[in-house]
Amino acid sequence: MAHPDHDRDYLAPVIDEDGAPFWEYTALGELRVQCCSSCGRLRFPPRPCCPHCQSFDSHWQPMSGRGRIWSYVLPHPPLLSPYAEQAPYNAVIVELADAPHIRLVGNVVADADAGLDSVDPGRLRIGAPVRVAFTRLADGTTVPRWMLERS
């Protein structure tokens, strides 16, 4: 049974100076990845210096919001009570279509406001196409989650 997430006490991300723009964009409903302004390489997680050319110049490149499930787990048992209430649920790693070397962690849900248990775990497959959906947590942070695409 699906539960609205807006009143859930889920773990919120720890936002640091380098990653703050990522979260500012998710609050606007945009998925962006840090890009080196010198060599053009995308990088995640965000950091001050490009690991390829050592430049400190960067900008935030918009992504399509599409990807594929690279891996997933069904936590057994969930250790935190807000999560246990919605078991079984999934935790996924999504490989971005625009940048296959970049992978983001999240959950597959039926829609942005659906609970973590809103997708039957039997529907998940490695390689399944997904698209981003943005969910606002109780602390005000907006996190990317994923919805299955019809393939």
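Select E149 and R131 to begin, where a salt bridge (a side-chain nitrogen of Lys or Arg within 4 Å of a carboxyl oxygen of Asp or Glu) joins the two side chains, with the closest N and O atoms 3.8 Å apart. E149 lies in the segment after β8 and R131 in strand β7 (residues 129-136), so this pair ties together parts that are 18 residues apart in sequence; strands here are DSSP runs of E, at least two residues long, numbered from the N terminus. This is a predicted model, in which local features need pLDDT of at least 70 and side-chain atom pairs count only at pLDDT 80 or more, while totals for chains, interfaces and linings use all residues. Residues are numbered from 1 along each chain as its sequence is written, and side-chain values use heavy atoms, with hydrogens and water left out.

Now colour by accessibility, where buried means under 20% relative accessible area, exposed over 50%, and partly exposed in between (1.4 Å probe, protein chains only). R66 is partly exposed at 40%, E149 is partly exposed at 21%, and R131 is partly exposed at 29%. Salt bridges with shared partners join R66, R131 and E149 into one network.

Notes
Helices (H or I, at least four residues) and strands (E, at least two) are DSSP runs, numbered from the N terminus.
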